[in-house]
Amino acid sequence: MKRHVGITLLTLAGFVVSGQVLADKDYEDYSRSELRAMAEESRKSVEETDGWQTEKVYVDQDLVKGEWARVPFQTRYFDYPPEELKAKWDVLTRAISVPYPSAEYLQKRFERFPIFKEELGPDFDGDYEVLSQQILHTWRLFFRGDFRAAKDYGVQLGAYGKLPAYLAQCIQALYLTESREVKLEMLNDVANQIADYVDEIQDMKDEPEFQDDYMVLRIGYAFAIGRLAEEATPMEALMNNYLFKVSRALDDAVEIDPGHPVALAMQAAKDANIIRVVGKLLGRLTFGARLSRVEDGFEASFAQVDDLAIVHYEYANSLIYVNRNRDIYRAFDQFNTAIGIHPKSAMEALDSMYAAKRFKEIQDYYLNYKQSFRSFERERREYMETTDENLYNVLKPAFQVSEYVKRKEEGYEFGMAN
């Protein structure tokens with residue numbers, strides 16, 4: 001299982017097989033000059049494609065198409081009929097900033113980018129009003145938490161139906177899959193979709209009237225790659241180009257829209273993750289990660305929108321990544337804020353539920369585990385690789401490192417069923 005996941009991640013990054021041998025070593029085994037040389041190679045590789053994935057990778061579709069767990073709450077709580085959906089659109093999309101897909105909006109894009117119209121097939125009669133209502137129905141399914149229905153319905157509606165369809169798959173993968181391998185396959189499948197539209201996406205960037213579309217895709221892509229990066233070891237994150245892929249995407253997004261709340265938060269969290277992986281000095285000199293941007297980025301994000309659970313729990317994680325135990329109580333406050341936010345959609349509800357789960361995990365680390373945070377992360381990774389458990393899954397109990405170490409010392413053999 002561990003080998004299969006490692007190969008999948010390397011394939012996504014476009015690295016040769018020999019990269020796995022290097023990734024098996026910890027970054028602490030290399031000199032600073034060696035790490036900087038590897039980072040420079042990674043940077044060059046990413047710059048060649050502007051950070052986009054241009055080739056599809058193998059994905060086991062049987063895993064993607066398997067049974068999807070349902071959300072652990074009634075979907076009617078977040079069901080918005082058409083008129084209500086339109087009225088609340090800006091609130092519901094304040095995190096992802098998706099333009100409302102009206103008939104006029106769609107027609108302009110389909111006329112500018114003919115590939116979008118062509119993929120609908122010869123049966124499409126040019127009725128953009130009907131297409132708009134169909135795409136909005138996909139978003140309705142997504143917001144209320146019918147993720148499988150959103151995926152199956154949306155993929156039939158071309159690029160703008162695929163947007164909520166594959167966003168649904170992202171959220172399903174992150175929060176509701178039991179298996180870590182399945183989660184990675186589903187995220188790889190989402191990243192694969194980009195390869196079909198890279199030329200159109202890059203054209204969008206150069207035309208101001210389509211930059212909102214570009215931003216949605218850029219940030220969504222960074223989210224998928226970033227979640228894959230979280231599952232990698234420090235060396236895998238470096239060797240697989242994840243650090244520069246995410247950095248390039250988010251720096252690009254913030255340059256286009258300096259006030260985008262989620263782009264700002266993701267950029268800050270990215271810097272914190274780089275510092276966590278390679279340290280403050282190497283992070284700054286090699287990857288441009290700035291300690292000051294962690295605080296400044298989240299502060300700027302909260303100034304725009306302060307009621308997104310995912311931003312608050314990412315801030316909590318970032319405080320721990322950068323300052324370890326020094327800011328642990330500030331991190332606890334941010335977890336509590338995330339937990340207490342009233343969600344507007346199923347996605348936001350799952351964000352808050354994961355914040356509660358992560359809070360329990362970090363509490364146990366701080367109160368009951370007497371070793372370093374890096375040691376905690378290694379134990380956590382070992383547990384995931386041994387059990388194939390997706391620790392983001394809100395349907396499962398929080399990982400308790402103290403209990404894991406105790407039972408391991410007693411000779412307990414862990415498996416998926418445990």
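This is a predicted model: local features need pLDDT of at least 70, side-chain atom pairs count only at pLDDT 80 or more; totals for chains, interfaces and linings use all residues.
Residues are numbered from 1 along each chain as its sequence is written, and side-chain values use heavy atoms, with hydrogens and water left out.

**Stop 1: aromatic rings**

Colour Phe, Tyr and Trp to begin. The whole structure holds 42 aromatic pairs; rings of Phe, Tyr and Trp (its six-membered ring) pair if their centres lie within 6.5 Å, and planes under 30 degrees apart count as stacked, over 60 as edge-to-face and the rest as tilted. Now select Tyr-383 and Tyr-404, an edge-to-face pair with 5.3 Å centre to centre and 80° between the planes. This pair joins distant parts of the chain, with Tyr-383 in helix H23 (residues 373-387) and Tyr-404 in helix H24 (residues 401-409), 21 residues apart. Helices here (H or I, at least four residues) are DSSP runs, numbered from the N terminus.

Are these two tyrosines buried or exposed? Tyr-383 is buried at a relative accessible area of 9%, and Tyr-404 is buried at 5%. The cut-offs are under 20% relative accessible area for buried, over 50% for exposed, and partly exposed in between (1.4 Å probe, protein chains only).

Next, select Tyr-105, Phe-110, Phe-113, Phe-116, Phe-124, Tyr-128, Tyr-160, Tyr-197 and Phe-210 together: ring pairs link them into a cluster.

**Stop 2: arginines over rings**

Show Arg-148 and Trp-68. Arg-148 lies over the face of Trp-68, 4.8 Å from the ring centre. A charge sits over a ring if NZ of Lys or CZ of Arg is within 6 Å of the ring centre and within 35 degrees of the ring normal. Then move to Arg-407, which lies over the face of Tyr-412 at 4.0 Å from the ring centre.

**Stop 3: two helices crossing**

Select helix H14 (residues 211-230) and helix H17 (residues 261-278), whose axes come within 11 Å and cross at roughly 30°. The axes are lines fitted to C-alpha atoms, for helices over the stretch in contact, and angles run from 0 to 180 degrees between N-to-C directions. H14 passes H17 in a left-handed crossing, a term used if the near helix is turned anticlockwise from the far one by less than a right angle.

**Stop 4: residues inside helices**

Go to Glu-348 in helix H22 (residues 346-368). Glu-348 counts as buried, because its relative accessibility is 5%. Beyond its neighbours within four places in sequence, Glu-348 is in contact with Leu-92, Arg-94, Leu-308, His-342 and Pro-343.

Now pick Ile-135, in helix H9 (residues 128-144). With 0% relative accessibility, Ile-135 is buried. Draw a distance from Ile-135 to Leu-157: they are 22 residues apart in sequence and 7.0 Å apart in space, C-alpha to C-alpha. Leu-157 is one of the contacts of Ile-135 outside four places in sequence, a list that also includes Pro-101, Leu-106, Tyr-160 and Gly-161.

Ser-318 in helix H20 (residues 309-323) comes next. Ser-318 is buried too, at 0% relative accessibility, and touches Ala-269, Ala-272, Val-294 and Phe-298, not counting residues up to four places away in sequence.

**Stop 5: positive phi in loops**

Most residues other than glycine have a negative phi. Select Ser-97, where phi is near 50°, a positive value. Ser-97 is in the loop between helix H6 (89-92) and helix H7 (103-112) and, at 29% relative accessibility, is partly exposed.

Finish at Asp-388, whose phi is positive at about 60° although it is not a glycine. Asp-388 sits in the loop between H23 and H24 and counts as buried, at 11% relative accessibility.

Notes. Contact means heavy atoms within 4.5 Å.
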